[in-house]
Structure formats: C-alpha cells, structure tokens
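Here's a quick briefing on the protein shown below. Have a look at the chain, then read on.

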Amino acid sequence: MTRLAGVLVRPDGVRQLTLGGWPLYRYVNDTAPGQVNGQGVDGTWFVIAPSGVKVTGTPADGASGY
C-alpha cells in the first residue's frame with residue numbers, strides 16, 4: 001500500500017505536510033472550507049485532489065476533484 005500523506009523537511013528545517021509528494025499550503029484568501037480561490041494563481045498554485053493528484057482545471061471548467 002502506497003502512503004499518500006508524508007512530510008518533507010525544508011532547507012530552513014521546518015517540516016511540511018505533503019500529499020502525493022506535493023507540498024501543501026493554505027491560500028490566504030480561502031477563508032472557508034471548500035474555497036479554491038488560489039487555484040492556478042500565477043500558474044504555480046494548484047488544488048490537490050484527495051487522491052494526491054494536482055488539479056489543473058477550475059470549478060468553472062467543470063474540473064472534478066474539488
């Protein structure tokens with residue numbers, strides 16, 4: 001069984017949660033559960049589906065995984 005959740009140690013020594021190998025962040029303008037306001041910001045920040053896969057679409061595109 002492959003583990004989806006993990007931890008990495010950043011160069012500054014801080015431990016960071018990962019999902020499917022992707023480091024996880026909270027977007028500052030998401031203030032309630034389920035919000036994805038940071039999706040695709042600067043072509044860098046993307047939602048991660050529960051399966052650990054990066055979601056590149058948006059809810060308006062009909063993308064699943066939110």
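Let's start at Val 36: with 24% relative accessibility, this residue counts as partly exposed, because that label covers whatever lies between buried (under 20% relative accessible area) and exposed (over 50%), using a 1.4 Å probe and protein chains only. Val 36 belongs to the loop between strand 3 and strand 4. The C-alpha atoms of Val 36 and Thr 58 lie 8.6 Å apart, with 22 residues separating the two along the chain.

Before the rest, some ground rules. This is a predicted model, where local features need pLDDT of at least 70 and side-chain atom pairs count only at pLDDT 80 or more, while totals for chains, interfaces and linings use all residues. Numbering starts from 1 along each chain as its sequence is written, and side-chain values use heavy atoms, leaving out hydrogens and water.

**The overall picture**

- The protein has 0 helices and 5 strands, where helices (H or I, at least four residues) and strands (E, at least two) are DSSP runs numbered from the N terminus.
- Read from the N terminus, the order of elements is β-β-β-β-β.
- Of the 66 residues in the protein, 18% are buried.
- Taking contacts between residues at least 6 apart in sequence, 17% join residues at least 24 apart; a contact here means heavy atoms within 4.5 Å.

- Two strands are taken as paired if DSSP finds at least two bridges between them.
- Strand 1 (residues 5-9) and strand 2 (residues 15-19) run antiparallel and are joined by 5 bridges. Val 7 has Leu 17 as its bridge partner in strand 2, and Gly 6 stands opposite Thr 18.
- Strand 2 and strand 3 also run antiparallel, with 2 bridges joining them. Here Leu 19 stands opposite Trp 22, and Thr 18 has Pro 23 as its bridge partner in strand 3.

**Turns and phi angles**

- The hairpin of strand 1 and strand 2 has 5 residues between the strands, and Gly 13 takes a positive phi near 90 degrees there.
- The hairpin of strand 2 and strand 3 has 2 residues between the strands, with Gly 20 at a positive phi near 60 degrees.
- Asp 42 also deserves a look: its phi is near 55 degrees, a positive value in a residue other than glycine. Most residues other than glycine have a negative phi.
- Asp 42 sits in the loop between strand 3 and strand 4, and its 70% relative accessibility makes this residue exposed.

**Side-chain pairings**

- The model has 1 aromatic pair. Rings of Phe, Tyr and Trp (its six-membered ring) pair if their centres lie within 6.5 Å; planes under 30 degrees apart are stacked, over 60 edge-to-face, and the rest tilted.
- The ring centres of Tyr 25 and Trp 45 are 5.1 Å apart and the planes are at 80 degrees, so this pair is edge-to-face. The pair links distant parts of the chain: Tyr 25 and Trp 45 are both in the loop between strand 3 (22-23) and strand 4 (47-48), 20 residues apart.
- Tyr 25 is exposed at 51% relative accessibility, whereas Trp 45 is partly exposed at 39%.
- Lys 54 has its charged end over the ring of Phe 46, 4.8 Å from the ring centre. For this, NZ of Lys or CZ of Arg must be within 6 Å of the ring centre and within 35 degrees of the ring normal.
- The model has 1 salt bridge, meaning a side-chain nitrogen of Lys or Arg within 4 Å of a carboxyl oxygen of Asp or Glu.
- That salt bridge joins the side chains of Asp 12 and Arg 10 (2.9 Å, N to O). Arg 10 counts as partly exposed, with 29% relative accessibility.
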